[in-house]
Amino acid sequence: MMLDLTDLSCEYTKRLNEIADEIKESYTLFVDGCSKKYGDSLYFWASPFSARNTYNDGTYVQICRTILAKEAVRDGLADTVIAGTEGEYETLKKLLKGQAEVRLGAKREDTGRIKRTFGRWRHFLEYSARQAAYRRYAPEKYVYPSSFSIVVGPAISTDFDGHVFNDRYTTGINGYHEALFLPYIVNPRKIKNKTLFENIRNCSTHRFIYDRDLVRLSDVLDIIRYWKYIDRIKKDAFFYEGIDVSAIVCQNLEAGKSNSPAFDGIMMEKMLSRLAGKGVGIRNIIQWYEGRSFDVCTASAARKYFPDASSVGYEGYPLTETILGGCVSAEQHRTDHAPAKMAIAGRAFEPQAHQFCPDVKLLYVPILRNDYVLRKKGKKDNELPVTVLVLLSYSHEVSLMLLKGVAGFARQNRRCRIIIKNHPTNEGFTLASYGFREELDVAYVSGRLSDCLEDVDAVVSSLTISTVEVAFAGISQIVMYPPGQLGYTCLPESIRDKLCTVVYSPEEITKKLPECLKEPVDNSVLADLLIEKTPENVCRLFER
């Protein structure tokens, strides 16, 4: 019997997610132990491994899969295991020696050494070009207010419409307490560096900190020093709960050499150091916080160089169940490698925010990205056709699974209307773009999700923060956890099962949709979930 970790069944994917929930505390303690050993270096904190953000680092999910394979062999369910990465292969070969055959799968998740090296140097050269463009187009003299607040957050290059910045992350915060924006750039390849930095310099809606004195071309050499530091600690051994996971950890440390948030974190530390050297009066430093290495480095630098300023990590996305980095660990808290206060979207998320460190101070603030309004959906008239909205994923493979599941439902229910909303990165795609070849009558929508929910009876999605908005609209929803992946719903764990149905395959979508459509969801449990978006509540971010 064979267990292929690159192609897990519905049952194994469900067990994988159970394991992730069972070990997240011990895994955090494992990473905290590494932080105690290596935490005197900025370069360690810049590594995605240190931050526990599972979008940027694969160590957590690969350890979960290792435990899954160990269980399957122990229980006699597998005598051959197919590993998905070189690190998994080396780890399982030691762990299961004499118990099972271990092979490296053809469908590998990692890349070869040559491709990794090329990608790393390409990132380095792109980053160097951006640093050069920053200095070239920055004003020769930047004038600061006598006292101001800093908002550190993402600026997507395509969100500039000429000199107008459409802030999609901290909407509504502009104008408070002389707030100046210190951006990190997302998707820099979308537009030319010249256009990007001219838009920042001449922005008419937001004031960006754009000071030539904060950046030097020689700063990029620190990226090479970061690479050399990683090479040194890769020689050490790493054990999780008695399992030698050195191969997994070292492979992910190597992958982190090409990680943009790592580069940004190193550069932000230098920028804040030089800003402090100017003697400016900063009252508040508010950072968009997702628990990436960039966020950790920014928080550490803010508290080190501006100890008198209020330090707030704003969790602009609802906390997720398996992206652990959003929840501060005890070692991050002890060493000031986290904001002094974490701002979250209501008391329902408090248990998650405190799960690894109950000493973290919390603020309860609105989600600035959206204006959530609690609505109660009435019971559907049985004479009317049902409408199902499918929120497709950025992943083509996952989108195809969602489409297959909904198509199965449509074949059994002729009186239904299927609406497709592409992920923003795939705008304009058709069903054929995802490799879907069946006949399925659909309509396409785009724009704000809130404008697309009218008359919708059920929503099908996978790994998206849109679940919160759908729940507030009182609409039943199905969330699919893709095979072999760690899933999340972005809903508070204590009330998640009342607001959505989690499935693990297209077949389960087909099976569960009729049940979801029987009754509208009871979203009354959300009444006290989120903080209303008012000027007074937004101002909590600036409390000292």
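Contact here means heavy atoms within 4.5 Å. The structure is a predicted model, in which local features need pLDDT of at least 70 and side-chain atom pairs count only at pLDDT 80 or more, while totals for chains, interfaces and linings use all residues. Residues are numbered from 1 along each chain as its sequence is written, and side-chain values use heavy atoms, with hydrogens and water left out. Helices (H or I, at least four residues) and strands (E, at least two) are DSSP runs, numbered from the N terminus. Buried denotes under 20% relative accessible area, exposed over 50%, and partly exposed in between (1.4 Å probe, protein chains only).

**A buried loop residue**

- Ser329 is located in the loop between strand E11 (310–314) and helix H12 (330–334).
- With a relative accessible area of 1%, Ser329 is buried.
- Leaving aside residues up to four places away in sequence, Ser329 touches Thr28, Asp32, Arg52, Phe356 and Cys357.

**The three-stranded sheet**

- Strands pair if DSSP finds at least two bridges between them.
- Three strands form an open sheet in the order E1-E2-E3, with parallel pairing.
- Strand E1 (2–4) and strand E3 (101–104) are the edge strands, each pairing on one side only.
- From one strand to the next, the twist averages 20 degrees; axes are lines fitted to C-alpha atoms, for helices over the stretch in contact, and angles run from 0 to 180 degrees between N-to-C directions.
- E1 and E2 run parallel and are joined by three bridges, and Leu3 stands opposite Val81 in E2.
- Strand E2 (residues 80–83) pairs with E3 in the parallel sense over four bridges; Thr80 has Glu101 as its bridge partner in E3, and Ile82 stands opposite Arg103 in E3.
- From E2, Thr80 and Ile82 point one way and Val81 and Ala83 the other way, and all are buried.
- Helix H5 (residues 86–95) packs on the sheet and touches E2 and E3, its direction making about 165 degrees with that of E3.
- E2, H5 and E3 form a right-handed β-α-β unit; a crossover is right-handed if, with the strands pointing away from the viewer, the path from the first strand over the helix to the second runs clockwise.

**Strand E17 and its partners**

- In strand E17 (residues 458–461), Ala458 and Val460 point one way and Val459 and Ser461 the other way, and all are buried.
- E17 pairs in the parallel sense with strand E14 (residues 386–391) over three bridges, where Leu389 stands opposite Val459 in E17.
- E17 also runs parallel to strand E18 (residues 476–480), joined by four bridges, and Val460 stands opposite Ile478 in E18.
- Together, E17, helix H15 (residues 466–472) and E18 make a right-handed β-α-β unit.

**An enclosed helix**

- Ten of the 13 residues of H11 are buried, so H11 is largely enclosed by the rest of the structure.
- The buried residues of H11 include Phe294, Val296 and Cys297.

**Nonpolar cores**

- A nonpolar core is a set of buried Ala, Val, Leu, Ile, Met, Phe, Trp, Tyr and Cys residues joined through side-chain atoms within 4.5 Å.
- In the largest nonpolar core, of 96 residues, Tyr27, Phe30, Phe49, Ile63, Tyr226, Phe238 and Leu530 touch the most other members.
- Helix H1 (residues 10–38) supplies the largest share of this core, ten residues.
- Another core, of 55 residues, lies apart from it, with Ile150, Leu180, Leu196 and Ile286 among its members.
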